[in-house]
Amino acid sequence: MNTADNAGGAVAADERGVDAGGVVAVDVPCRSCRYNLRGLRVDGYCPECGGSVRASLGSGLLRYADPQWVDRLARGSRAVVRAVATLCVLILIAMLKDLLFDASGSGGTAMPPTLETVFHTVMTAVMVSALVVMGAGIWLITTPDPTGLGEKNYSFPRRTTRVALAALAAVPVLMALAARLAAAYPIAGVVLAALDWGRSLLMIVGPFAYVSYLSKLMLRVPNAALAGFGDKLKRWMAAGLLLIFLIPVVALRIPGVYATVVVALLMLGLWLALLLAWIHYQVRIGRALAEQADLARETWGLNPDALRGAATGTDGSRTG
Ligand SMILES: [Zn+2]
């Protein structure tokens, strides 16, 4: 701002949409409840929800957004990280179990059948819960800004992520149904194959849309490094996808039994590298969003009578 600030908490005359008398002269929706703030003083508060008028006039940065919404995004990110960490532990336990017990019974000790059943049930239950938490987390972090800000930049990847997520949740149910009907109706077999193919497609489209959305969201922090990391991650995902198709083709040309081992190790390494890159990204995003939620609470908390934001913050864990 090159205009000199007026002293005594008065209004800067160059503020967007504010007239010389410090009154909002254009239609501006409240960042939280969409109430039209036109005619209100810039240093005043929304009569509907108590939100700061100045914050609503601010740029599209997250620190001026509805703190409850930013907090929801941060909580979503944390849930995703927890769920992915749980899934990783499950995979490690399954690998350990395979090392300790011989499932085929040809040689090493097999796990007792009762224990095997219990193990399988517990593992499945934890896995399904982790997947549900992950889905819920992604759903939270893709919640649209109540004012619709940012939508023109990332509405497509944000919505695509949600559609893919909902479809991926529905596919197992539809597949189970089709599998039941397959014996009586041959067409169900075709549907089953189509669903399987569709699921593979969603597993590719979904993550790409999700990372696209996250990297664009990070521009509202604004954090160019995190936005750039998202773009890099997308390129690595594309390269990884290509390799996953290419590795088996190349491996077929390598004679001997080592080919399968090499393929298995390469694929595992690739998946692990992508998974770690994603967790790393998601953790950093979670931190950035939590920081922005705190800043937004400060912006909105300027009003001691605010009905929303810091005054009614859902978690009392805030220390600053
Ligand atoms: Zn409001």
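Predicted model: local features only at pLDDT ≥ 70, side-chain atom pairs only at ≥ 80, totals over all residues.
## A look inside a helical model

**The nonpolar cores**

- The largest nonpolar core holds 32 residues, and those touching the most other members are Val70, Tyr210, Tyr213, Leu214, Ile285, Leu289 and Ala296.
- Two or more residues of this core come from each of α2 (67-100), α3 (113-141), α4 (151-181), α5 (186-217), α6 (224-251) and α7 (258-300).
- The biggest giver is α7, with 8 residues.
- Another core lies apart from this one; it has 9 residues, including Val28, Cys30, Tyr45 and Val53.

**A closer look at α4**

- Which residues of α4 are buried? They are Tyr154, Pro157, Arg158, Thr161, Ala164, Leu165 and Ala178.
- These buried residues pack against α3 and α5.
- At 1.5 Å a residue, the 31 residues of α4 should span 45 Å, and its end C-alpha atoms are 42 Å apart, so the two values agree.
- The helix α4 bends by about 30° at valine 171, and proline 172 follows within four residues.

- Among the elements of the chain, α3 has the highest mean pLDDT (96), while helix α1 (residues 53-57) has the lowest (83).
- Over residues 1-14, pLDDT stays under 50, and the model has 15 contacts beyond four places in sequence for them.
- Over residues 306-320, pLDDT also stays under 50, with 25 such contacts in the model.

Conventions:
Residues numbered from 1 in each chain as written. Core = buried A, V, L, I, M, F, W, Y, C linked by C-beta atoms within 7 Å. Buried ≥ 20, exposed ≤ 12 C-beta atoms within 10 Å, placed from the backbone. Expected span 1.5 Å × (residues − 1). Bend = angle between axes of the 7 residues up to and from the residue. Contact = placed C-beta atoms within 7 Å. pLDDT = per-residue confidence, 0-100.
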